[in-house]
Amino acid sequence: SVKMAIKVAYILSKIIHKTDDFIPTENRNSMVHALIESCGLLKHLCLVANRQATDSELELFHSPEYLQYMKKYNDAIECDDSFGFGYDCPLKQGIYNYCKEVAGASISAAKMLCSGQFQVAINWLGGWHHAKRADAAGYCYVNDCVLAILQLRTAYARVLYIDLDLHHGDGVQDAFCGTNKVMTFSIHKHEPGFFPGTGSLSDTGFGKGFRYSVNIPLKDGITDTPFVEICSKVLNEVKIKFDPLAVVIQAGADGLNEDPMRSFNLTPVGLSDCVQFILKWNLPTLILGGGGYNEANVARCWTKITADVLNEELPCEIPENQYFPSYGPSFDFEVVEGLKKDRNSKEYLKSITNTVIDNLSK
Ligand SMILES: CC1(C)CN(C2CCCC2)C(=O)N1c1ccccc1/C=C/C(=O)NO
Ligand SMILES: [Zn+2]
């Protein structure tokens with residue numbers, strides 16, 4: 001089928017290397033951008049210089065005390081464990097500037113969609129879905145997903161949030177669990193003791209938001225085909241029932257094979273197929289990053305998603321770029337499908353699909 005060329009906004013940060021300091025990886029965000037650039041994709045994108053979020057923009061979701069605490073420690077080098085900081089979320093110098101940069105990028109991307117000038121906006125620096133109003137969690141300090149959704153809600157009456165990360169998008173679900181203007185859909189690993197522990201089948205929202213939280217809890221080992229199949233089946237029902245006017249996709253890549261999380265057997269093809277299924281709706285769509293700790297595979301995945309959004313071909317091999325050695329020994333774009341045992345039986349997948357679709361039709 002002939003695909004129309006669509007206008008795609010891509011948020012550029014001048015301090016992208018600084019954002020790498022706040023994820024437990026080496027140069028991840030810089031590698032993503034360098035690979036996208038070396039594949040010649042920037043000329044097809046509308047590059048938007050990032051603008052840091054203001055304090056008042058961050059306060060649209062986060063508590064002033066929480067932000068004040070981060071501001072205070074922005075220049076310091078020690079911290080205590082209040083507000084969720086401490087082991088999982090070390091407070092580092094520049095933390096507040098990092099939050100403003102990342103949140104600003106997701107808000108800027110959302111603003112591009114509100115202007116009606118773009119069909120898709122991409123911010124690979126964003127996707128930090130665990131952060132709470134006054135609590136850092138799961139290595140997330142500012143919930144840029146929530147701030148982007150709030151921005152989209154100024155122009156769109158109903159916004160759908162879709163979380164493809166290995167982990168449950170709890171911070172976003174909590175933020176909107178009481179409203180029927182934002183539906184949150186999250187497909188994730190759900191096993192005893194696996195972070196954050198929420199997002200079970202019975203986790204469907206409260207009050208006015210009842211049945212506006214959709215959760216697909218999975219076991220280890222799922223592969224591309226059943227992942228794409230369950231996503232498209234349930235999202236098809238979500239589209240009919242909720243009739244969204246804008247969409248936010250968190251494309252966290254820690255479900256890929258060879259990720260240190262060692263959980264799912266996904267490849268970039270599976271994640272990109274999910275994104276393509278959603279883009280067929282022709283709705284204003286914001287694409288964010290998220291988890292993903294095998295830097296080279298995250299870069300391969302998000303570069304493939306960017307190329308597929310543009311309907312542009314990828315080169316066969318990894319082009320010369322600053323981080324070329326990280327792509328050895330294959331030096332190509334392929335991430336092979338994992339061989340871990342798939343603990344999601346056909347019966348299990350069928351039963352959760354039916355339950356979720358039943359919930360949607362009540
Ligand atoms: C500290 C990191 C983020 C990294 N990591 C692994 C991967 C590579 C080295 C250890 C984790 O398990 N983490 C976490 C620790 C505590 C709670 C949550 C997470 C991850 C959240 C996430 O990805 N959400 O989408
Ligand atoms: Zn994750």
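Tyr73 is buried, with a relative accessible area of 9%, where buried means under 20%, exposed over 50% and partly exposed in between (1.4 Å probe, protein chains only). The model is predicted: local features need pLDDT of at least 70, side-chain atom pairs count only at pLDDT 80 or more, and totals for chains, interfaces and linings use all residues. Residues are numbered from 1 along each chain as its sequence is written, chains are lettered from A and ligands numbered from 1 in the order in which they are written, and side-chain values use heavy atoms, leaving out hydrogens and water.

**Tyr69 and Tyr73**
- The whole structure holds 10 aromatic pairs, a pair being two rings of Phe, Tyr or Trp (its six-membered ring) with centres within 6.5 Å; planes under 30 degrees apart count as stacked, over 60 as edge-to-face and the rest as tilted.
- Among them is the tilted pair of Tyr69 and Tyr73, at 4.7 Å centre to centre with 50 degrees between the planes.
- Both residues belong to helix α4 (residues 64–74), four residues apart, about one turn of the helix; helices (H or I, at least four residues) and strands (E, at least two) are DSSP runs numbered from the N terminus.
- Tyr69 is buried, at a relative accessible area of 8%.

**Tyr98 and Tyr141**
- The ring planes of Tyr98 and Tyr141 stand at 90 degrees, with centres 6.3 Å apart, so this pair is edge-to-face.
- Tyr98 lies in helix α5 (residues 95–114) and Tyr141 in the loop between β3 (120–123) and α6 (144–152), so that the pair links distant parts of the chain, 43 residues apart.
- Tyr98 and Tyr141 are both buried.
- Phe22, Tyr98, Tyr139 and Tyr141 are joined into a cluster by ring pairs.
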